[in-house]
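Please work through the exercises below with the sequence and the coordinates open beside you. Each one sets a task and then gives a solution in steps.

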Amino acid sequence: MSTLKYIISFGLVLLSSIGWAQDSLPHFYPQRYGLRVGVDLYRVARNVYDKNYNGFEIEADYRLTKKLFASAELGKEKMTKDEDQFNFTTNGSFIKVGVDYNSHQNWMDLENMIYAGFRYGFSSFSQNLNSYTIYSPNSYFDKTLETPNKKYSGLSAHWVEFVAGIRTRIFDNVFLGFSVRLNGLVHQKEPENFENLYIPGYNKKYSGGIGVGMNYTISYLIPLYKSQKVVKTIEETNPLEDKKPEVKKK
């Protein structure tokens, strides 16, 4: 008999726990839309520790939809490189435009990003050939250093860029971010008898027209307007509770 009472009690508890009626109630959280502007901290730091580099990059994005952001980056770089046979200086500016897609499922009013996107980049620059080395055909160690100090102006490059990165809000309107870049050269104008070994905004060019890069950013959001994001919450009611009888009007 006690066993039967236990089974009946357990059944009532189980029925009560699984029989909650669930009603979805909408709750609204603001979604901020605006312009976010920042700088590349990697380039800022490189100005300090690399005496052969001078440059900056400003980035900006604008939220188009819940997941889609229009993005742009522009900057200027001057870099002196000492390769095996060449010493050269690249000096120019660049701009990149594209879109980012945020795959992060933010809860409530969070604004973090785990994103992927693409850019179309363009750079206008000059190359200065500072020196080059001529090796003797008889001995590798017999070499002649030439210092022509010749400048090639009016150079340009176009490329596409795949971007993947993260961005997190650390204060109300302040964000930190990191991204990696894979570049593919589309078109370039090169100097005669020389090669574009470094392109501003594109970085060092490897064989096959491939380039890689990264950046660390700090940015500030300028909110322009807000929309409402609906988040459904569950209101639970116990069906075993007494309900007031409905009174029918005659």
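This is a predicted model: local features need pLDDT of at least 70, side-chain atom pairs count only at pLDDT 80 or more; totals for chains, interfaces and linings use all residues.

**Exercise 1. The elements of the chain**

Task: Determine how many helices and strands the chain has, and in which order the elements run.

Solution: Counting the elements gives two helices and 11 strands. Reading from the N terminus on, the order is α-β-α-β-β-β-β-β-β-β-β-β-β.

**Exercise 2. The largest cavity**

Task: Find out how many cavities of 30 Å³ or more a search of the whole structure finds, and describe the lining of the largest cavity by residue, by element and by class.

Solution: Rolling a probe the size of a water molecule over the atoms shows where empty space is left. For this structure the search returns two cavities of 30 Å³ or more, and the largest cavity holds about 90 Å³ of space.

The next step is the lining, which is made up of 16 residues, with Glu59, Glu73, Tyr115, Arg119 and Arg167 lying nearest the centre of the cavity. Sorted by element, at least two lining residues come from each of β2 (53-63), β3 (68-82), β5 (113-135), β7 (150-169), β8 (174-189) and β11 (210-237), and the most come from β8, which gives four residues. Sorted by class, the lining has seven charged, five polar and four nonpolar residues.

**Exercise 3. The second largest cavity**

Task: Repeat the description for the second largest cavity, and state which element gives the most to its lining.

Solution: The space in the second largest cavity is about 70 Å³. Its lining has 13 residues, and those nearest the centre are Arg43, Lys96, Arg181, Asn203 and Met214. The elements that give two or more residues to this lining are β8 and β11, and it is β11 that gives the most, with three residues. By class, the lining of the second largest cavity divides into seven charged residues, five polar and one nonpolar.

**Exercise 4. Aromatic pairs and charges over rings**

Task: Count the aromatic pairs, explain why the pair of Phe88 and Phe194 is classed as it is, and then identify charged side chains that sit over a ring.

Solution: A pair of aromatic rings is described by the distance of the centres and the angle of the planes. The count for this model comes to six aromatic pairs. In the pair of Phe88 and Phe194 the ring centres are 6.0 Å apart and the planes stand at 70°, so the pair is edge-to-face, given that planes over 60 degrees apart count as such. Because Phe88 lies in strand β4 (residues 86-102) and Phe194 in the loop between β8 and β9 (198-199), this pair ties together parts that are 106 residues apart in sequence. Phe88 and Phe194 are both buried.

A further edge-to-face pair is formed by Trp159 and Tyr202, at 5.4 Å centre to centre and with 75° between the planes. Trp159 lies in strand β7 and Tyr202 in the loop between β9 and β10 (203-204), so here the parts tied together are 43 residues apart in sequence. Trp159 and Tyr202 are buried as well.

Moving from pairs to groups, one aromatic cluster is formed by Phe86, Phe88, Tyr152 and Phe194. Turning to charges, Arg36 lies over the face of Phe175 at 4.6 Å from the ring centre, while the charged end of Arg63 sits over the ring of Tyr33, 4.8 Å from its centre.

**Exercise 5. The largest nonpolar core**

Task: State which residues have the most contacts inside the largest nonpolar core, and which element gives the most to this core.

Solution: The largest nonpolar core has 15 residues, and inside it Trp159 and Ile199 have the most contacts. At least two residues of this core come from each of β4, β5, β7 and β9, and β7 gives the most, with four.

**Exercise 6. Two single residues**

Task: Decide whether Asn203 and Glu77 are buried or exposed, and place each in its element.

Solution: Asn203 is in strand β10, and its relative accessibility is 17%, so Asn203 counts as buried. Its phi is near 80°, a positive value in a residue other than glycine. For comparison, most residues other than glycine have a negative phi.

Glu77 is found in strand β3 and, with a relative accessible area of 2%, is buried.

Conventions. Residues are numbered from 1 along each chain as its sequence is written. Side-chain values use heavy atoms; hydrogens and water are left out. On a 1 Å grid over the protein atoms alone, a cavity is a set of points where a 1.4 Å probe fits but cannot get out, and a pocket is an open set with protein on both sides within 12 Å along at least five of seven lines; lining residues have an atom within 4 Å of a point. Grid points are joined across faces, edges and corners, and a volume is the space filled by probe spheres set on the points. Ala, Val, Leu, Ile, Met, Phe, Trp, Tyr, Cys and Pro count as nonpolar, Asp, Glu, Lys and Arg as charged, and the others, Gly among them, as polar. Rings of Phe, Tyr and Trp (its six-membered ring) pair if their centres lie within 6.5 Å; planes under 30 degrees apart count as stacked, over 60 as edge-to-face and the rest as tilted. Buried means under 20% relative accessible area, exposed over 50%, partly exposed in between (1.4 Å probe, protein chains only). A charge sits over a ring if NZ of Lys or CZ of Arg is within 6 Å of the ring centre and within 35 degrees of the ring normal. A nonpolar core is a set of buried Ala, Val, Leu, Ile, Met, Phe, Trp, Tyr and Cys residues joined through side-chain atoms within 4.5 Å.
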